[in-house]
Amino acid sequence: MIDRRCALLAGAGAAAGLALPLTSGPTLAESSAVKLTDDGLHAQPWFEQTFLDLNEDAADAHAQGKSLVIFFEQRGCPYCAEMHKVNLAKPEISDYIKTNFFALQLNLYGSRKVRDFDGTELEERKLAQRWKVNFTPTLVFFPPDPAALSGKAGADGEAWRLVGYWKPFHFLGTFVYVKERGYESEPNFQHWLNAYREQLRAEGKDVSLW
């Protein structure tokens, strides 16, 4: 499991000057019409709708050649809104996620029942407490092999965790990091992203911070 302090430090490092190449996309004003769920959460049409049995969801993700990622959000969260209206409005980001990840959305204070990987069934808010999810947005990524998760609480089986709002370049970088299993060879995301940025530049790709 990734040390959450490393995740937070990585986020701070990313904000300080790491980048991934992205083309220009919709501005906040241009993409403001993001639909809300009945719980008041910003929604994406490609978020999966399931029975919230996480073992089944991980198995379905694996069958599709994808990895499971869970978006924890809450009503009225301005950083969640920014993530949807800016980051997820960029086709290169949303398309990459849809192609490679099986994405679920949970409400930090929700009451829907979720079955954890170890079989424990509890409400969304209790699951968040169990996994020590305290901020939104928080994205919890899991390894692609469901067998690695069976019998564990989710927090004990996660591959990586993104805490808070990150700019689009760094946000996309987290998904690339998990897709390429960068956490297996380089547990420090900031170091990995630095190397990836230089790799892209060496390939002649434009790397822009903002």
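A residue is termed buried at under 20% relative accessible area, exposed at over 50%, and partly exposed in between (1.4 Å probe, protein chains only). The structure is a predicted model, in which local features need pLDDT of at least 70 and side-chain atom pairs count only at pLDDT 80 or more, while totals for chains, interfaces and linings use all residues. Residues are numbered from 1 along each chain as its sequence is written, and side-chain values use heavy atoms, with hydrogens and water left out.

Side chains of opposite charge can pair when their charged atoms come close. A salt bridge is defined here as a side-chain nitrogen of Lys or Arg within 4 Å of a carboxyl oxygen of Asp or Glu. Twelve salt bridges were found in a search of the whole structure.

One of these joins Asp116 to Arg130, with an N to O distance of 2.7 Å. This pair links distant parts of the chain, 14 residues apart: Asp116 lies in the loop between β3 (113-115) and β4 (121-123), and Arg130 belongs to helix α5 (residues 124-130). Helices (H or I, at least four residues) and strands (E, at least two) are DSSP runs, numbered from the N terminus. Asp116 is buried, at 0% relative accessible area, whereas Arg130 is partly exposed, at 31%.

A salt bridge also connects Glu121 with Arg115 (3.4 Å, N to O). Glu121 is partly exposed, with a relative accessibility of 45%, and Arg115 is likewise partly exposed, at 32%.

Between Lys205 and Glu203, the salt bridge spans 3.3 Å from N to O. Lys205 is partly exposed at 45%, as is Glu203 at 43%. Elsewhere, salt bridges with shared partners unite Asp53, Arg115 and Glu121 in one network.
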